[in-house]
Amino acid sequence: MIIDRLSFALAHSGKVVETEIRQVLAEQGLKLSHAHVLGLLAKRRRLSQQALIEELQVDPSVLVTVLNALEDEGLVTRRRDPADRRRHVVEISTRGTGLVAQVDSAVQAAEAELFSGLDERELATLHRLLDRVKGARVDTCEE
């Protein structure tokens, strides 16, 4: 029966986790799409706008909307690439880096509560299995 299917259980669990993460992000004034872009920039420091579009697999207009919001809040900066004036380079600001650290701590605390019923070995197994499944999904920063 459908409600007994693994994919159904994963979808339900995913919704529970997503709701918790959205709440944590909202407390910091962020949407999931904002956090996704900030997280990528925190890892890589700077990316071209085109590289972000390709990495996130989103329509350029969606990314522009997200970047406008992040730039308005002083979390990222966009500028023309001096080497190629047709390209825009996006960098995370000091304020953005600080916010990513705050959000990461809040998400870590939420995860600790969400997964409190699992021991370290089970968590490692879950993480490993989800990484294997992850190859079939598409990352996106669309709301």
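Predicted model: local features only at pLDDT ≥ 70, side-chain atom pairs only at ≥ 80, totals over all residues.
Let's begin with Ile2, Ile3 and Phe8. Together they make a nonpolar patch on the surface, with about 320 Å² of accessible area. Ile3 sits in the segment before helix H1 (6-27), and it counts as exposed because its relative accessible area is 54%, past the 50% cut-off.

H1 has 22 residues and spans 32 Å from its first C-alpha to its last, close to the 32 Å expected at 1.5 Å a residue. Its buried residues are Ile21, Val24 and Leu25. They cover an arc of only 90° around the axis, so they end up on the same side of H1.

What covers them? Helix H2 (32-44) and helix H5 (94-114) are included in the cover. After H1 comes Gly29, with a positive phi near 80°.

## Charged pairs

Side chains of opposite charge can pair when their charged atoms come close. The whole structure has eight salt bridges. One of them joins Arg44 and Glu55 at 3.3 Å, N to O. Arg44 is in helix H2 and Glu55 in helix H3 (residues 49-56), so this pair ties together parts eleven residues apart in sequence. Arg44 is partly exposed at 39% relative accessible area, and Glu55 is partly exposed at 36%.

Glu71 and Arg78 also meet, at 2.8 Å, and so do Asp119 and Arg121, at 3.9 Å.

Conventions
Residues numbered from 1 in each chain as written. Heavy atoms only, no water. Patch = residues over 30% accessible without salt bridge, like charges linked within 9 Å, V, L, I, M, F, W, Y side chains within 5 Å. Areas by Shrake-Rupley, 256 points an atom, 1.4 Å probe, with all protein chains shown as cover. Salt bridge = Lys/Arg side-chain N within 4 Å of Asp/Glu carboxyl O. Helix = DSSP H or I, 4+ residues; strand = E, 2+ residues; numbered from the N terminus. Buried < 20%, exposed > 50% of the residue type's maximum accessible area, 1.4 Å probe, protein only. Expected span 1.5 Å × (residues − 1). Arc of directions from axis to C-beta. Contact = heavy atoms within 4.5 Å.
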